[in-house]
Amino acid sequence: MDVDEYLLNVVDVEATCWEGQPPPGQVSEIIEIGLTVVDLRAGERLTKHRLLVRPTRSVVSPFCTELTGLTPTEVAGGQTFADACRELTTQHRTRSLPWASWGDYDRNQFTRQCQQTGTEYPFNQHHTNAKVAFTASYGLRRRHGMAQALTLAGLPLEGRHHRGDDDSWNIAALILDVAARGQWPTG
C-alpha cells in the first residue's frame with residue numbers, strides 16, 4: 001500500500017479578530033496557517049509547519065494580539081494569502097492529501113477568503129471535521145473546544161493555544177487518539 005494513503009494534513013488558522021464587530025471596512029482574514037502532518041498508520045505526528053500571512057483588508061487588533069500572540073509587525077512580514085495557498089499546494093500537497101480541522105471554521109474561512117480574493121482554493125474535498133469525529137468517538141452530547149477535548153482525552157495542551165502551528169499539533173494528537181480507538185473516519 002502507498003504510504004501517502006495514511007498521511008493526513010491537520011490545519012488550523014488564526015485570523016484577524018476584534019472584541020466585537022470588525023471596524024468599518026475591515027474583514028476577518030487569515031494571518032497564520034498551522035499545518036501538522038500525521039501518519040495515521042504509525043500513529044505519529046511527523047512535522048509541524050507555520051505560514052504567516054500578511055493581511056490586506058484588516059489590521060491585527062490589540063485583542064487579536066492578546067489572543068494569538070501575533071503582532072501587526074510580525075504578520076506584516078508574512079507572505080500574501082495567494083502565495084501561502086500556493087505553498088500549501090506545492091510544498092504540503094494539500095490537493096492530494098486528505099485534511100482535517102477542528103470544526104468547520106478553518107474550511108469555511110479558506111472558502112470565503114479564496115472567493116473574496118480570487119485565489120484558487122488550496123485543498124481537496126477530503127475534509128474531516130475532527131471535532132465531530134472526537135465527539136462521536138467519546139459519545140459526547142455536545143461538541144467541545146480543542147483545549148477541553150484535550151483535557152477529556154487526558155492529553156496535554158502543547159505550546160500556545162490560539163497559535164496555528166501549536167493548535168494543529170494539538171488537534172493532531174486528538175485525531176491520533178480517536179484513530180487509536182479505531183474510530184477515525186476513513187474514505
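Modeller: Helices (H or I, at least four residues) and strands (E, at least two) are DSSP runs, numbered from the N terminus. This is a predicted model, where local features need pLDDT of at least 70, side-chain atom pairs count only at pLDDT 80 or more, and totals for chains, interfaces and linings use all residues. Residues are numbered from 1 along each chain as its sequence is written, and side-chain values use heavy atoms, with hydrogens and water left out.

Colleague: How many helices and strands are in the protein chain?

Modeller: Along the sequence the pattern is β-β-β-α-α-α-β-α-β-α-α-α. The count is seven helices and five strands.

Colleague: What is the radius of gyration of the protein chain?

Modeller: It is taken over C-alpha atoms, and the globule rule is 2.2 Å times the number of residues to the power 0.38. For 187 residues that rule gives 16 Å, and the chain comes close to it, so it is as compact as a globular protein of that length. The radius of gyration is 16 Å.

Colleague: In what order do the five strands form the sheet?

Modeller: Two strands pair if DSSP finds at least two bridges between them. The sheet is open, with mixed pairing. Its edge strands, E3 (44–52) and E5 (127–129), each pair on one side only. The order is E3-E2-E1-E4-E5.

Colleague: In which sense do strands E1 and E2 pair?

Modeller: E1 covers residues 7–15 and E2 covers residues 30–39. Asn 9 stands opposite Val 37 in E2. Nine bridges join E1 and E2, and the sense is antiparallel.

Colleague: Helix H4 packs on the sheet; what angle does its direction make with that of E1?

Modeller: Axes are lines fitted to C-alpha atoms, for helices over the stretch in contact (heavy atoms within 4.5 Å). Angles run from 0 to 180 degrees between N-to-C directions. H4 (residues 105–117) touches E1, E2, strand E4 (99–101) and E5. Its angle with E1 is about 70 degrees.
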